[in-house]
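Dear colleague,

Please find below the structure I am handing over to you.

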Amino acid sequence: MSTLILDGKALAQKTEQKLRDRVAALKTKFDGQTPILATLLVGDDPASATYVKMKGNACRRIGMQSLPVELPSTTTTSQLLAKIAELNNNPNVHGILLQHPVPAQIDERSCFDAISLSKDVDGVTCLGFGRMAMGESAYGCATPKGIMRLLEAYDIALTGKHAVVVGRSPILGKPMAAMMLNANATVTICHSKTQQLAEHIRRADIIVGAVGQPEFIKSAWIKDSAVVVDAGYHPGGVGDIEMTPLIDRVAAYTPVPGGVGPMTINTLIAQTVESAEQKIG
Ligand code: NAP
């Protein structure tokens, strides 16, 4: 069978061109006003610093600005909350990204939830999640929303399909499951306490790996002609799913790298542009 590669990198590049045009149109129409994404990085985790840098670069590629805010690893919850309040009140900021994870002494949930709904372009607040899950308007959580956009771009039908999401984190597994349910899939959510994981995965028409362990999901558990989405990225260029043996026998798969990752950043900047259009326009 011919296998479809769900090329997130190519789709993100294509979408960036359209976003660039929208940013240029805003600037022309509204006296040079530019969408701004504030990026909050707390502490000195090198991977987080890299992700924030990549997000800033994506902003620049489409002609919008990022406002990088870096706070020391000793930052307290109240100091971070004060900074978020300042950004909420800054009319020039259209979106706020708080890079996950924050240092252990910080109450991350309180800080996520302090972000104004209208600036929650990374889709991390409980309010945004609840609204999204109920089918009300809200910015989607960037990684699962990016996966949904990727599936849509490749005309992957979800209605009536059995989707199995492995992982239930607030930023990935849970919103992913809710989005797929809203798209009329029948959804199974698996996690570390799930029994007979392989049996659940064998029934998946669409499998999403969001576990955080390299090649944890074995190719033998995945049926022929499934659609395989791998959110993981680990040293050596592998994801959470053992992908190589699947390449010739599944219907579609996301490459690692170049599948889910670029769509996460692309969704973040697309939602910031949308927020800016609403606020400026
Ligand atoms: P996380 O917060 O660590 O969550 C991992 C999830 O996997 C948890 O729900 C956990 O279950 C589940 N799990 C752990 N061991 C398991 C097992 N033995 N069997 C079944 N489930 C198990 O991770 P995350 O932030 O959601 O990230 C997941 C993956 O996506 C990682 O590889 C991460 O790097 C990647 N990611 C990629 C992007 C991107 O932009 N590409 C963005 C975010 C994350 P419990 O809830 O029971 O502990």
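This is a predicted model: local features need pLDDT of at least 70, side-chain atom pairs count only at pLDDT 80 or more; totals for chains, interfaces and linings use all residues.

Residues are numbered from 1 along each chain as its sequence is written, and side-chain values use heavy atoms, with hydrogens and water left out.

The structure contains zero disulfides, a disulfide being a pair of cysteine sulfur atoms within 2.5 Å. Cys-126 is in no disulfide, and the nearest cysteine sulfur, that of Cys-141, is 11 Å away. The relative accessible area of Cys-126 is 45%, so this residue is partly exposed (buried is under 20% relative accessible area, exposed over 50%, partly exposed in between, with a 1.4 Å probe and protein chains only). For Cys-190, the closest cysteine sulfur is again in Cys-141, at 19 Å, too far for a bond. Cys-190 counts as buried, at 1% relative accessibility.

Helices here are DSSP runs (H or I, at least four residues), numbered from the N terminus. The axes of H5 (residues 126-133) and H7 (residues 173-182) come within 9 Å and cross at roughly 25 degrees; axes are lines fitted to C-alpha atoms over the stretch in contact, with angles from 0 to 180 degrees between N-to-C directions. The two helices are therefore roughly parallel (angles under 35 degrees). Phe-129, Met-132 and Ala-133 of H5 make the contact with Lys-174, Pro-175, Ala-178, Met-179 and Asn-182 of H7, where contact means heavy atoms within 4.5 Å.

With kind regards

How values were computed. Angles under 35 degrees count as roughly parallel, over 145 as roughly antiparallel, 65 to 115 as roughly perpendicular and the rest as oblique.
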